[in-house]
Amino acid sequence: MNVRTLCLAILGCGDSTGYEIRKLVTDGHFSHFVDASFGSIYPALNRMEAEGLVVSREEQQEGKPNRKVYSVTDLGREEFLVALSKPAQKDIFKSEFLLLAMCAELMRPEHVRRAIDMQIDYLNSELEIIETAMLSVDLKAADWVGEYGRTCLTTSLNYISENREQLEAIAGTSLKPESPLLAAE
């Protein structure tokens, strides 16, 4: 799936500005699907407008520049449904935390503890995003998607919380006593 399809999905839920789309993609209801930046969202919206998939209108704002609000057209809805009918690509999972965990024996114990605490905080914040999204997205399948996400995150959170001592016990075991990494910060 690409940025174009993601924009059509968001606009299918209601009219939005490019900024609102970016917020939904980076830290909102649609942040778990496809990565998109301002640098990819606006060109996609411009191309889709030129192709008749979306239309825009200027809205006046008091004391601010006008804002450009996008709406999906019937043609855009058709393209979106065609895109949804194609097989989904494999999920991409990358985790810097797992790289740190894999190298725990080379790290100072306090750095490993901090990485674990930060990962737990991150997973909890992601759970909050899902909880909020489930309440505000008006699609019947949103509850199913939310439960899937909640289950994945909760399983990760439980594993880390229940097994952190094992990783903490490994921390620093490959460091030599003279290693600068063991010196006090």
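Predicted model: local features only at pLDDT ≥ 70, side-chain atom pairs only at ≥ 80, totals over all residues.
In helix α2, which spans residues 18–27, the residues G18, I21 and V25 are buried. These residues cover an arc of only 60° around the axis, and they therefore lie on the same side of α2. The cover over the buried residues of α2 includes α1 (3–13), β1 (16–17), α3 (38–50) and β3 (64–72).

Strand β1 contains S16, a residue whose relative accessible area is 7%, so that S16 counts as buried, given that the term applies under 20%. When residues up to four places away in sequence are not counted, S16 touches I10, L11, I21, K68, V69 and Y70.

The second largest pocket has a volume of about 150 Å³. Ten residues line this pocket, and among them I10, C13, G14, F30 and S136 are the closest to its centre. Grouped by class, the lining of the second largest pocket consists of five nonpolar, four polar and one charged residues.

For aromatic rings, the count comes to one pair. The pair is formed by W144 and Y148, whose ring centres are 5.9 Å apart and whose planes stand at 10°, so the two rings are stacked, since planes under 30 degrees apart fall in that class. W144 and Y148 both belong to helix α7 (residues 142–170), where, because they are four residues apart, about one helical turn separates them. W144 is exposed, with a relative accessible area of 63%, whereas Y148, at 46% relative accessibility, counts as partly exposed.

How values were computed
Residues numbered from 1 in each chain as written. Heavy atoms only, no water. 1 Å grid on protein atoms, 1.4 Å probe; cavity = no way out; pocket = protein on both sides within 12 Å on 5 of 7 lines; lining within 4 Å. Points joined across faces, edges and corners; volume = space filled by probe spheres on them. Nonpolar A, V, L, I, M, F, W, Y, C, P; charged D, E, K, R; others polar. Buried < 20%, exposed > 50% of the residue type's maximum accessible area, 1.4 Å probe, protein only. Helix = DSSP H or I, 4+ residues; strand = E, 2+ residues; numbered from the N terminus. Arc of directions from axis to C-beta. Contact = heavy atoms within 4.5 Å. Phe/Tyr/Trp six-rings, centres within 6.5 Å; stacked < 30°, edge-to-face > 60°.
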